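Hello,

Here is the structure I promised to pass on to you. Have a look at it first, and then read my notes below.

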Amino acid sequence: MGGEYGERTQREVNETVDRAIELGVNYFDTSPYYGRTRSEEALGQALNGKRGKVFLSTKTGRFDFDAFDFTEKRLRAEVDNSLRRLQTDHVDLLIAHDIEFADPALVLNEGLPTLQALKEAGKTRFIGVSGLPLHVLQTAHEQFPHLDAILSYCRYCLNDTAMIPYAERWRADGLGVINASPLSMGLLTHGGPQEWHPAPKDLKAKANEAAEWCAERGANLAFLAMQFAFQCPAVDTTMTGTARRRHLESNIEALNAPIDEEILNGVLDILRPVQNLSWPSGIESAWRKYQG
């Protein structure tokens, strides 16, 4: 809704949000990074008068492609800015955004304690972390036991289910677990991954092969990927970006439609050589020093 994948009018955003609420969607997530604050502005306008109907989440600490700041001063100021844009006095969940890109000492000793203080001040009901490397998320949980939720993205989808043992552990410890980006940032679509996508070449090639294989049989890889993610037994919710009403309605259809096991097995066979193949993200080596 911040225009990252094409321009959206406020009217389109409003109609999509209204339709989502009508269909029973009640969890909305955003970030000042998305559209460089435009997503928060758009969602805040769309939820005007409807705030009580939804569980609202935003993120903090990441403000541009390579701009990360988890200092207390910056986080306090930026959370107030987010609340103003969202037209609310509190969010339900405040997430430290893509923590693997920041100095772990700063995140663990200043950033997350600041989120906890903001929770105690009533500016959020719950706090969490997000990121790609699973060991980083696990380390944050081990080193800062006050987290309420973990958002993992691209790690439970058709080509990667490595999140499962972590998610089971997190839920056993009482955390809420969010599976985000079930299409693996556009990897699992008929159009295929964009030039910027960080996946290795072998993974991109197999994803394209799977998309073509589905199309030849009258199936859609993205729809199948949504169905697959919705069946994940180890998470509390599945989150996907949706900026158009037709995409929203397709996702809801995927939630309820029975999966075609023959097509699913064919796609899994194609993707098997690259199963659980991910890509580097952030300064993972620095985080490994803090592993328990």
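Let's begin at one residue: leaving aside neighbours within four places in sequence, Ser181 is in contact with Tyr153, Cys154 and Met239, where contact means heavy atoms within 4.5 Å. Ser181 is found in the loop between strand E8 (176-180) and helix H7 (201-216). Its relative accessible area is 18%, and Ser181 counts as buried because buried means under 20% relative accessible area, with exposed over 50% and partly exposed in between (1.4 Å probe, protein chains only). The phi of Ser181 is near 55 degrees, a positive value in a residue other than glycine.

Before going on, please note that this is a predicted model, in which local features need pLDDT of at least 70 and side-chain atom pairs count only at pLDDT 80 or more, while totals for chains, interfaces and linings use all residues. Residues are numbered from 1 along each chain as its sequence is written, and side-chain values use heavy atoms, with hydrogens and water left out.

The helices (H or I, at least four residues) and strands (E, at least two) are DSSP runs, numbered from the N terminus. Strand E5 (residues 91-96) is mostly covered, with 6 of its 6 residues buried. E5 runs parallel to strand E2 (residues 55-60), joined by 4 bridges, and also pairs in the parallel sense with strand E6 (residues 124-131) over 5 bridges; two strands pair if DSSP finds at least two bridges between them. Ala96 of E5 stands opposite Thr60, and in E6 the bridge partner of Ala96 is Val129.

From E5 the chain crosses through helix H4 (residues 104-120) to E6, in a right-handed β-α-β crossover. Right-handed here means that, with the strands pointing away from the viewer, the path from the first strand over the helix to the second runs clockwise. In the loop between E5 and H4 you will find Asp98, which is buried with a relative accessible area of 5%. Asp98 has a positive phi too, near 55 degrees.

What happens at Gly111 in H4? H4 bends there by about 30 degrees, and a proline, Pro113, follows within four residues; the bend is the angle between axes fitted to the seven residues ending at a residue and the seven starting there. Buried residues of H4 include Val107, Leu108 and Leu112. Just after H4, Gly122 takes a positive phi of about 85 degrees.

Enjoy exploring!
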